[in-house]
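Please read it alongside the sequence and the coordinates.

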Amino acid sequence: MSKNKRFSSTSAKRYSLALYELAKESNALTHIEQNSAALLSLISNDKNFKNFIKNPSISRDISISVISKISEISKLDNLFKNFLNFLITKRRFFFVEQILKSFLEICSEKRGELKAEITSAKKLTQDEINKITKELSVNFKSNIKLNYNHDESLIGGLIVQVGSTMIDTSVKNKLQQIENKMIEA
């Protein structure tokens, strides 16, 4: 199983890098990025489509036909449609979700953006999220692409992770530290 995982993540990186280079060369990077985000949204919101992608018994012709229909309805870039068809013919369509996520990460990296994750105990307003994003951008001297999560189990405080840097000020974490010290004593 782990051998397949390694293969799929390696394949995803190679294919996503190839898509990035093709899109950049064709001056269609922004459009391909939008198409990728739209298809990823379809995958995550439509279980039937996700099952379709994961089903190895569906023929190439049917898969290509479905992608053509989606492309027509969604007005996907021709380069993007051809890339999806290429994945189908090479029997790599099973990895399309990983490939497109990797592609979006590459686009973000090339723009100099850093990924940040914030989890808070209380629900934050959009203004608060924007302030945090701005503050992180100043502190890390980079554009920050923030992913926000709300988790009441933290009891209070925040967990902020930017790249490999993590700051955990949650009450849950402090209680865990106290518990660990009590066990050690």
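Which residue's side chain does a polar contact join to that of Asn-55? The partner is Ser-57, with 2.6 Å between the two side chains in the polar contact. The model is predicted.

## The loop residue Asn-55

Asn-55 sits in the loop that runs between helix H3 (47-54) and helix H4 (60-74). Its relative accessible area is 31%, so Asn-55 is partly exposed. Phe-93 is 38 residues away along the chain, and its C-alpha atom is separated from that of Asn-55 by 9.8 Å.

## Helix H4

H4 has 15 residues, which at 1.5 Å a residue should span 21 Å; the end C-alpha atoms are 21 Å apart, in agreement with that value. The buried residues of H4 are Ser-63, Ile-67, Ile-70 and Ser-71. Viewed down the helix axis, these buried residues fall within an arc of 100 degrees, so they line one face of H4. Helix H2 (29-45), H3 and helix H5 (78-89) are among the elements that cover them.

The face turned away from the buried side of H4 carries Asp-61, Glu-72 and Ile-73, which are exposed. Just after H4, Lys-75 has a positive phi of about 55 degrees.

## Salt bridges

Side chains of opposite charge can pair when their charged atoms come close. Seven salt bridges are found in the whole structure. One of them joins Glu-33 and Arg-111, whose closest N and O atoms are 2.8 Å apart. Glu-33 belongs to helix H2 and Arg-111 to the loop between helix H6 (96-110) and strand S1 (113-120), so this pair ties together parts 78 residues apart in sequence. Glu-33 has a relative accessibility of 15% and therefore counts as buried, the cut-off being under 20%. Arg-111, with a relative accessible area of 41%, is partly exposed. Glu-33 and Arg-111 are also linked with Glu-113 in a network of salt bridges.

A salt bridge also forms between Glu-105 and Lys-115, with the closest N and O atoms 3.3 Å apart. Because Glu-105 lies in helix H6 and Lys-115 in strand S1, the pair ties together parts that are ten residues apart in sequence. Glu-105 counts as partly exposed at 34% relative accessibility, whereas Lys-115 counts as exposed at 52%. Glu-128 forms a salt bridge with Lys-122, where the closest N and O atoms are 3.3 Å apart. Glu-128 is partly exposed, with a relative accessible area of 26%.

How values were computed: Residues numbered from 1 in each chain as written. Predicted model: local features only at pLDDT ≥ 70, side-chain atom pairs only at ≥ 80, totals over all residues. Heavy atoms only, no water. Helix = DSSP H or I, 4+ residues; strand = E, 2+ residues; numbered from the N terminus. Buried < 20%, exposed > 50% of the residue type's maximum accessible area, 1.4 Å probe, protein only. Polar contact = N/O pair within 3.5 Å; in protein donor to acceptor, adjacent residues only side chain to side chain. Expected span 1.5 Å × (residues − 1). Arc of directions from axis to C-beta. Contact = heavy atoms within 4.5 Å. Salt bridge = Lys/Arg side-chain N within 4 Å of Asp/Glu carboxyl O.
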